[in-house]
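Please walk through this model with the viewer open.

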Amino acid sequence: MEFEVRVVSGDCRDREYSSSSIEVKDSLFELNTKNSKRLNDTVQTSKVRWSCSIWRGRLYLCKHEAISFSHLCEIANMHSLPSPAMRPLYLTPSLTLCSALHSCPLSLRLLSSSLPSILRKFQSHHLTSRKPRYSPLLARNCSSITAKPSSELRRNIITEFVPEEKLCALRELFSKPGIGIDAYIIPSQDAHQSEFIAECYMRRAYISGFTGSAGTAVVTKDRAALWTDGRYFFQAEKQLSSSWILMRAGNSGVPTASEWLNDVLAPGGRVGIDPYLFSFDAAEELKESISKRNLELVYLYNSNLVDEIWMKSRPKPPNKPIRVHDLKYAGLDVASKLFTIRAELIEADSSAIIISMLDEICWLLNLRGGDVPHSPVIYAYLIVEIDRAKLFVDNSKVTPEVVNHLTNAGIELKPYDSILSEIESLGGHGAQIWMDPSSVNAAIVDTYKSAFDRYLGTIGHGTKTLNGSSGQSWVSMGVYKRSPISLAKAIKNPAEIEGMRNSHLRDAAALAQFWAWLEEEIHNDVKLTEVDVADKLLEFRSKQEGFLDTSFDTISGSGANGAIIHYRPEPDNCSVVDKNKVFLLDSGAQYVDGTTDITRTVHFGEPTARQKECFTRVLQGHIALDQSIFPENTPGFVLDAFARSFLWKIGLDYRHGTGHGVGAALNVHEGPQSISHRFGNMTALEKGMIVSNEPGYYEDYAFGIRIENLLHVKEVDTPNRFGGIGYLGFEKLTFVPIQTKLVESALLSDAEVNWLNDYHSQVWDKVSPFLVGAARQWLWNNTRPLARHRDDQLV
């Protein structure tokens, strides 16, 4: 029996070693290069120590000082996950690991007689996997091989390894009386379909170990799989244990969660969900999909199964006080907003509306809170009727000022957990409730429908469902369409826009101070980690007037970490900022008057030609979107290609949207508008909306590039109005220099150079009054105009 073993070496020359040159000492290989058979190599007289890593049925050797074990596990993980979504990485001459990891492959053949003493040290762990094609870092055996559990192998991962015991404990609950399920789905969301959630509701992260903001975990009696999108592929590879199958959602050949369940469960199987964590639309879509295989969707109202195993270690629910959002920042008082909503209720023949999205509640009632990290929202529900309104919230968070504010607006306070009883009461009296099926959870809608059915029974009518009617008469059962608050909140009023402008200028001043400091530290060879840098940026921001919090976890990525789109450095597992590598910094802040989100990519040394070309093409896409003028009623996806086209010309792209909506002193990610290659969102961009402009490019194991500003949608005065409609464009809100060192001048047109010069002129004019000393000098140095020589080079 033979094993083909791949060795990750510290240099780039191929060698072959005879098995006689290998000694086994405490799970380490020692290669005596003096006695080895060599190809294209010089004689070495010293021994080289190699660590033995058996990973998912394959054997890897790693030279200690050449490559970190965490990187080795990432590479092994890329090759050995048993999902069609996880395909082998094929290295080409233009993209090798030699540059990214300072290593390269070296082949070695070991006879099985050399291995028994090593293999006995590892516990048996059976895993069936696809047989990948040849890859330079692939270690393939000719039969089964015992491997260490990943809990022992993966030492340097972002989060603590999630032991198999959690999955076992969860599966034990499947057969409990009153449950009786064959699979359980754990989404990312809380009961309000929030993107960012309180720690106590991070159930998917707890059970899987994957901490990205988007993903769905599915656990059956013998398998566990996790779906996430392209922003998180690399992160999920690092964080998931071997107990999990990673499904790269959106990739060709990757099944959806429902398709996968239809494949792995026998007909008649039962799929359990917590109905609070699924929107009504999502639950109905899931129910319809799995019914094709005769699977049953089971609502588990009484408990969340993950909570049952989390138990005492589960964090407590947030309890921070609510505050009133000042009218000078809100622009409209609560009475005016409620009047508009009630007018829409009457027009829709509805007697009440249930609002469950947290930012919608805060916007409508001019309230802010601290229940969710980085998002100034509160956990609550709101029911608005024609003549009254009720806020369902934990009363311990309500201050006397808030009580007075709500009383003046005619808002009655109710306990947070009494929402279903109130819905049941309204449905039982025949109320026509407006519910947004894309955001209101399935538990609320199901409770309302059941109560309304009982109401119809008492008055002798049949039932009219969403899809048709049956029985004696046509009686509407609720109003199901998008919340009217979603669009009203997205279209900022003048006070909100002014607050966004002002907060961005203060934020720009903090960033100028930060970049001036960081460049000086790097120049002086001060060792700074990615976390050190993020903490220092927070320090500068916290000194600005009106600062409250960051608007998301700062993405501070040096070198290869910048290629992880939503990378989050941790104190015990992050890199030092290397002046010879590309550094990506995506950050934002919450101020009392606005929300910021900005990304800049820089190089403190001399960038490569490849890095400069990629950066410049990203910049060209950024400029193209910024300058775009488009007719009214244009959906955001129409503009997405403007930002990608310069990358497309050389066969490159990025796996995320180009722009998202941003709230005014609210969530940093806000709908319904977006600019994305996903063309399902038909929401038109409208005057007053705020969106991000953030094209990028990411080269795995090498570098990441992103340039992000926030834009305000405004009217544009065009010389013609074809069809009698108006045209829209953008106003920049973000004013921080874009590093010109990374620009490849030959690619820029005169118009693009003019855009960059004009932008930097605005940056200086708007931000310099906030600065003194070194920061002001830094801003001056980084906003100087560029001009062309005859040879088309920029100076």
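**Helix packing, cavities and backbone**

The crossing of H22 and H23 is left-handed (the near helix is turned anticlockwise from the far one by less than a right angle; clockwise would be right-handed). Helices (H or I, at least four residues) and strands (E, at least two) are DSSP runs, numbered from the N terminus. This is a predicted model, where local features need pLDDT of at least 70, side-chain atom pairs count only at pLDDT 80 or more, and totals for chains, interfaces and linings use all residues. Residues are numbered from 1 along each chain as its sequence is written, and side-chain values use heavy atoms, with hydrogens and water left out.

Helix H22 spans residues 750-767 and helix H23 spans residues 773-781; they pack at an angle of about 160°, with axes 10 Å apart. Axes are lines fitted to C-alpha atoms, for helices over the stretch in contact, and angles run from 0 to 180 degrees between N-to-C directions. H22 and H23 are therefore roughly antiparallel (over 145 degrees; under 35 is roughly parallel, 65 to 115 roughly perpendicular, the rest oblique). H22 brings Val-763, Trp-764 and Val-767 to the contact, and H23 brings Arg-776, Leu-779 and Trp-780 (contact means heavy atoms within 4.5 Å). Five of these contact residues are nonpolar, none is polar and one is charged. Here Ala, Val, Leu, Ile, Met, Phe, Trp, Tyr, Cys and Pro count as nonpolar, Asp, Glu, Lys and Arg as charged, and the others, Gly among them, as polar.

Now take helix H12 (residues 334-347) and helix H13 (residues 358-365). Their axes come within 7 Å and cross at roughly 120°. That makes H12 oblique to H13. Val-334, Lys-337, Leu-338 and Ile-341 of H12 meet Trp-363, Leu-364 and Leu-365 of H13.

The whole structure holds eight cavities of 30 Å³ or more (a cavity is a set of points on a 1 Å grid over the protein atoms alone where a 1.4 Å probe fits but cannot get out; lining residues have an atom within 4 Å of a point). The largest cavity has a volume of about 80 Å³, the space filled by probe spheres set on the points. Strand E27 (598-603) and helix H18 (494-523) each supply at least two lining residues. E27 gives the most, with three.

Last, the backbone. Most residues other than glycine have a negative phi, and most peptide bonds are trans. The bond from Gly-671 to Pro-672 is cis, with omega near 5°. Ala-665 has a positive phi of about 55°.

Terms used:
On a 1 Å grid over the protein atoms alone, a cavity is a set of points where a 1.4 Å probe fits but cannot get out, and a pocket is an open set with protein on both sides within 12 Å along at least five of seven lines; lining residues have an atom within 4 Å of a point.
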